[in-house]
Amino acid sequence: MVDPREIQIGDIIKLKKPHPCGSYEWEVLKIGIDFRLKCTGCAHIILVPREKIIRKIRAVRKTTGN
């Protein structure tokens, strides 16, 4: 299980199930009680409760920060 404190804005997360466009990867846009995610395949934006998304994360790819 992924530690939610490790996830930061701009990271790419891989989820358990694919989006209907076929992409498994999402970019984190907002972190709080809800996560705002953008699909890397079709750029669709969703808002998902923290508890639900933490259970579905399979991997986190860190982005290089400036």
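Predicted model: local features only at pLDDT ≥ 70, side-chain atom pairs only at ≥ 80, totals over all residues.
Me: Where should I start with charges? How many salt bridges does the structure hold?

Reply: Side chains of opposite charge can pair when their charged atoms come close. The structure holds three salt bridges.

Me: Which residue forms a salt bridge with K62?

Reply: The partner of K62 is D11, and their closest N and O atoms are 3.2 Å apart. This pair links distant parts of the chain. K62 sits in the segment after β5 (57–61), and D11 in the segment before β1 (12–15). They are 51 residues apart.

Me: Is D11 buried or exposed?

Reply: Buried means under 20% relative accessible area. D11 has 2% relative accessibility, so it counts as buried. K62 is partly exposed, with a relative accessible area of 46%.

Me: What does R61 pair with?

Reply: R61 forms a salt bridge with E25. Their closest N and O atoms are 3.3 Å apart. R61 lies in strand β5 and E25 in strand β2 (residues 25–31), so the bridge ties together parts that are 36 residues apart in sequence. R61 counts as partly exposed at 47% relative accessibility. E25 also has a partly exposed position, at 26%.

Me: Which residues make the remaining bridge, E27 and what else?

Reply: E27 pairs with K38, the closest N and O atoms being 3.9 Å apart. E27 is in strand β2 and K38 in strand β3 (residues 34–39), so this pair ties together parts that are eleven residues apart in sequence. E27 is partly exposed at 25% relative accessibility. K38 is partly exposed too, at 28%.

Me: Now the inside. How many residues are in the largest nonpolar core?

Reply: A nonpolar core is a set of buried nonpolar residues joined through side-chain atoms. The largest one here has 13 residues. Those with the most contacts inside it are I7, I13, F35, L37, I53 and I57.

Me: Which elements supply at least two residues of this core?

Reply: β1, β2, β3 and α1 each do. β3 gives the most, with three residues.

Me: And the surface? Which residues gather in a patch of positive charge?

Reply: Look for Lys and Arg, which count as positive. Here the patch gathers K16, K17, K52, R55, K56 and R58.

Me: Which element gives the largest share of the positive patch?

Reply: Helix α1 (residues 50–56) does, with three residues. K56 is found in this helix. Its relative accessible area is 34%, and K56 is partly exposed.

Me: Let me try the loops. Where is H19?

Reply: H19 is in the loop between β1 and β2. H19 counts as buried, at 16% relative accessibility.

Me: How far is H19 from G41 in space?

Reply: Compare the two separations, one along the chain and one through space. H19 and G41 are 22 residues apart in sequence. Their C-alpha atoms are 8.5 Å apart.

Me: Where is G32 found?

Reply: G32 is in the loop between β2 and β3. G32 is partly exposed, at 24% relative accessibility. Along the chain, G32 and P49 are 17 residues apart. Their C-alpha atoms are separated by 8.8 Å.

Key
Residues numbered from 1 in each chain as written. Heavy atoms only, no water. Patch = residues over 30% accessible without salt bridge, like charges linked within 9 Å, V, L, I, M, F, W, Y side chains within 5 Å. Areas by Shrake-Rupley, 256 points an atom, 1.4 Å probe, with all protein chains shown as cover. Salt bridge = Lys/Arg side-chain N within 4 Å of Asp/Glu carboxyl O. Charge placed at Lys NZ, Arg CZ, Asp CG, Glu CD. Helix = DSSP H or I, 4+ residues; strand = E, 2+ residues; numbered from the N terminus. Buried < 20%, exposed > 50% of the residue type's maximum accessible area, 1.4 Å probe, protein only. Core = buried A, V, L, I, M, F, W, Y, C linked by side-chain atoms within 4.5 Å.
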